[in-house]
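Here's a quick tour of charged side-chain pairs, written for someone who likes to check contacts by eye. Have a look at the model, then read on.

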Amino acid sequence: MICKILRITLLFLGFQHCSSRECVDPLVSGLYASSFLASSRYNFLYSANFAKLYGSSGWSPSPGDRQPWLQVDLGRKYRLVAVATQGTFNSYDWVSKYTLLYGDRPDSWTPYVMKGGNSTMPGNWNYHQVKRNVFHYAFTAKHVRLLPLAWNTENGGKIGVRLELFGCPYGTKYPNHGSESVKPSYRSRTLRDHYAINFKTLEQDGLLLHSEGVQGDVVTLELKRGRLYLHISLGSSMVHKVNGRTTLTAGNILDDQQWHYVTIKRYGRQVNFTVDSQTVTAICKGEFSHLDLDSQLYVGGVIESNVPHLPTTPNFRGCLENVFINGINIIDMAKREEPEILVNHKPMTFAGPNNYLQVPGFFRKPRMFVKFKFRSWDYTGLLMFTRFADDLGALELGLSEGQVNVTIFQPGKKKLQFAAGYRLNDGYWHTVDLAARDNLMTLTIDEEEGSPLKITNPFTIRTGDRYFFGGCPKTNNTIRKCETKLNHFHGCMQQIYIDNEQLDIDFILQRQWGLSSPFDDVIYRCTPNPCEHEGRCIQSWDDFICLCENTGYKGEVCHMSVYKESCEAYRLQGKYWSGNYTIDPDLSGPLKPFEVYCKMKSYKAWTVILHDRVDGTKVTGSTVDRPYVGNVNYWNASWDEVTALANTSMYCEQWIDYSCYKSRLLNTPNGRPYGYWIGRNNESHYYWGGAFREVQKCGCSINQTCTDPKFHCNCDADYRQWYSDKGYLDFRDHLPVRRVVIGDTNRTNSEAQYTVGPLRCHGDRNIWNTISFVKPTYITFPTFKPGSSADISFHFKTYRDNCVFLENSDEQLRNFLRIELNTTQNLAFVFMVGDGILNVTLRSPMPLNDNEWHFVQAEINVKLARIKVDWQPWAVRRFPGQTFVTMEFSHPILVGFLGIRLRMNGVPLDLEGKVNEEQGIRRNCTGECLNATIPCRNSGQCIEGYASYTCDCNNTAFDGFYCHKDIGAYFEIGSWMRYNIRKKPISDEAAWANWIDPHFDNFSLGYNDTADDVEFSFSTLHTPAVLLYISSFVQDYIAVILKTDGSVDLRYRLGLITHKYQLTHRNLADGYPHYINITRHNRTIKSQPIVEKITLVEDARFDSPKSMFLGRVMEIGDIDKEIKRHNAPGFIGCISGVRYNVYAPLKALFRPNETDPPVTTQGYVSESVCGAFTPVHGYVPWEADPWFVTIGKKTPTPPPPPPPPPPLRRLVYKDKL
């Protein structure tokens, strides 16, 4: 390394080729114990020298160490590419997060910063597994320091580290140019170049490299305001008006006295410019591919007077090492030139709320001189504070709103305040120069001596004995203490002078006068710009925000579009009026939103885009060899944006009209076309409006209306009068029209005029791109490459309790995204993108497996991860500052679930293109329930499955696969059954509150008490009997009575009056099954064919139902005499399928789902279906049949479903509402 000002002229010698092996050598395992150093140790068994990967112990600091660190001295400089860590062997000690510092010296450090400005590296999750972090850019260092940030605390765990660094010796790896070589010559002419240079400096501006040629070829590498600019020209020509100068920019805040690595690679016109980890690629302007340079290349500055100078760029001041120009080591040549000039300036970082720097001063001097440099992103912060001697007051320099504020405090007087500078919180170095004496103070910012701030108010200066920079200490009990209302300063300072004496930073750190860091770790978080879609980035010390105004996007990084993707999407959202709308066909994709006209219809929305060829364009003087080419320029949208609209629409059309006077068009039937149009993908099309695609015909040929039937176009007849060929082009994949080519208007009197109508499209083929999964399978799509931000949206519906919707990962599962349904109400977004496995879970108040469509949106970026469903609020997980998100996947996207339509980063995935019936992937989302061979019977609910369906019979009185099996009982003489509906009556307060609010106090009957639904079937030969009786805690009751003559009556009492209805006069005591169904809604009772009305004065509620009796009424209390008259000797026979609202007493008796069902029986009551109709035995799928046995590899073919049973004598009383 050479550390000096380089102002030299070097001969450009030529090329040489060197090879290099892979740079992955382990560097720590072979070091001696003396190479390890730590802030402390737990005991001698946990010393720093035990911190080697796969070692038998590990390093742990003392429990009282507030700022632990582990340091490794590699002995020489190495190029480092990766680090690996473990916890302490056989323990609960490991570090889960840490920061890595590196440097050439043990007192000057640079933090390693990952992509996105994150300096926190992920660590271990147990003691034995190795966590390897590969640096996204290699760096050079002799010393490495590890700072633990988080560690395991469970089971008594503490900090524990074993580590290994991987790299190779620095200085042995040369740029690999290739096999080409050129002999030395006076001038250099190259097709490819490879430049490499390492530098560090404190200056914002400086010229690093420069060379030029007589033909205008130039290569210049210069530093401007802390950024690197590469100017390259492969030649310019004033004759042909060719300006070949191309400028590339990379890096930021490169004047931080840390090493930066620059590589320039060129092949022909393509240039790759790399600074540290940032690479910029460009194609050189002009048409030349060789770089022709003179014999001299200047490194560090152009100093010869007879060479064109760069007047605005000073010569470089700083350190250079390993400068290679096409394989030539320039530094070896430079060592024999200028004497060395060392740089002694060392910046200080104030990063935390407790950082400050306290330095001594000369006591009681009548003059004060303070000078320093600073840089920061924060708007406010204390720069310097000092208290005067003899209690004369104090002086404060602070940063406020980007200005330097000077405040002078005097006892008993009003404080004096002044401000200087403008926008000084821009992250660049700024100089503050303060000079003061009695009644006069001068403040100069950035050495602008022409306009210093002068303060001439009366005050007295007697310097104090100490100065505080960056903040005030917590323990501040001295007489001349530091007092301020400003925040602590966040930023860097350097070159601090007190009374014209420069501070020795090393000496101050040794004496521990303050808390700060001896390195400059200011990070420019806005380069490259993390804000997408041209969002404006502004930053603070440890974070950034994106301003998305006027971009058309929103979100933390301006990723999500604020507009809909099409006019159809606006229509479906409820926008039914025509007008101008802004659409964004690719949503969060790279294309910009643009304005269109939406013509809204009740069933579709037309999108209309105008252009500059809507009015007719006249054409003359064109030939087939030199044709006229008319470009179609669409308004408000680029060609890519218009193409995206057409690509996502269901249908598009565009009118095209060619009017001719002795001017041929397609030259049909067999000639070479004179005219044609160019559409999508720059493809030429030789058919005209109104014709089929690729048939070389016009619309008149299809309609058989051409002027001359020998030709396929009117204009091809070549008559001396005006004709036209026109019609709609409607093949969407060829549209829109991009150009019109006309080539037969050069003959005498030949003339043509063409018109292209606006592009009109409707529909959105991504609105309903839907499939169903009916088997345990999945589909794949190409790997998702989202960059640093991702958004996913889809619709789904299902009955499943849990599943995985989609997943994308890499081979080692170190990076993955997954969206899954954990439970019926929990939707989880699980990811691992740089800092372990994390998730954000949305807990829905309603079940999501209700077979209704739900819309899911998920987003992740460097700021947060979030997910939402339907109109529920976002579930958000915010990331800490400096988070780095790595979404580099290698596996295909896996999608597998029932009913889903999907977009990822605005790009719709064609799900219907993956339809495969054999694999169980169907178009649309109908499921098995809609097309069930045998539907669920008796009001059973159909539950979707992968390849079949099931029937939920819980709310019915039936059983079986299709809810088709009756559950009945046989009652002997004197036997009865009671089902208890409620154990106690409903209080008046609860009934009133429930009438006002049905959800009051979580009280609910489980059904609507203003409606009743009763159904059952029976068979008997004996009369009379009470078939069914429902009692209450009041006088209300419902009874179905089989009278002596076999007829059936219904008795209803709601309130004061008992109502009697005859359901049938026929004799039903004939031994055959009969079915009865009775329904009531408010005051209307409906049965077939009877419709009765209860008087309005009566209550419409069946209050406090108590018990339901079958066989015989055994209720205690006052019973209607008509019930008593028919109650003896009781029902003898069969009764089946009994249900009252949600209660099924026989099912509770014979199929109990609780340990103590509310059922009481007396006498002989046995299960029987003698009172039911002949059951329908439907086909049971083999996977649900416990008796199914596979024979060989063949699956038995299920029998066809049996025909429905023959009609029996049945009586139906059923509500038809």
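Let's start with Arg 364, which is partly exposed at a relative accessible area of 46%. This is a predicted model, so keep that in mind as you go. The partner of Arg 364 is Asp 390, and their side chains form a salt bridge with N and O 3.0 Å apart.

Lys 77 and Glu 321 make a salt bridge, with 2.9 Å between the closest N and O atoms. Lys 77 belongs to strand E5 (residues 70-86) and Glu 321 to strand E22 (residues 319-325), so this link spans 244 residues. Glu 321 is buried, at a relative accessible area of 2%.

Further along, Lys 1060 pairs with Asp 1049 at 3.7 Å, N to O. Strand E78 (residues 1058-1064) holds Lys 1060 and strand E77 (residues 1048-1053) holds Asp 1049, 11 residues apart. What are the accessibilities here, buried or partly exposed? Lys 1060 is partly exposed at 47%, whereas Asp 1049 counts as buried at 4%.

| Salt bridge | N to O distance |
|---|---|
| Lys 77 – Glu 321 | 2.9 Å |
| Arg 364 – Asp 390 | 3.0 Å |
| Lys 1060 – Asp 1049 | 3.7 Å |

There's also a network of salt bridges, joining Lys 662, Arg 664, Asp 718, Asp 744 and Arg 747.

Key:
Residues are numbered from 1 along each chain as its sequence is written. This is a predicted model: local features need pLDDT of at least 70, side-chain atom pairs count only at pLDDT 80 or more; totals for chains, interfaces and linings use all residues. Side-chain values use heavy atoms; hydrogens and water are left out. A salt bridge is a side-chain nitrogen of Lys or Arg within 4 Å of a carboxyl oxygen of Asp or Glu. Helices (H or I, at least four residues) and strands (E, at least two) are DSSP runs, numbered from the N terminus. Buried means under 20% relative accessible area, exposed over 50%, partly exposed in between (1.4 Å probe, protein chains only).
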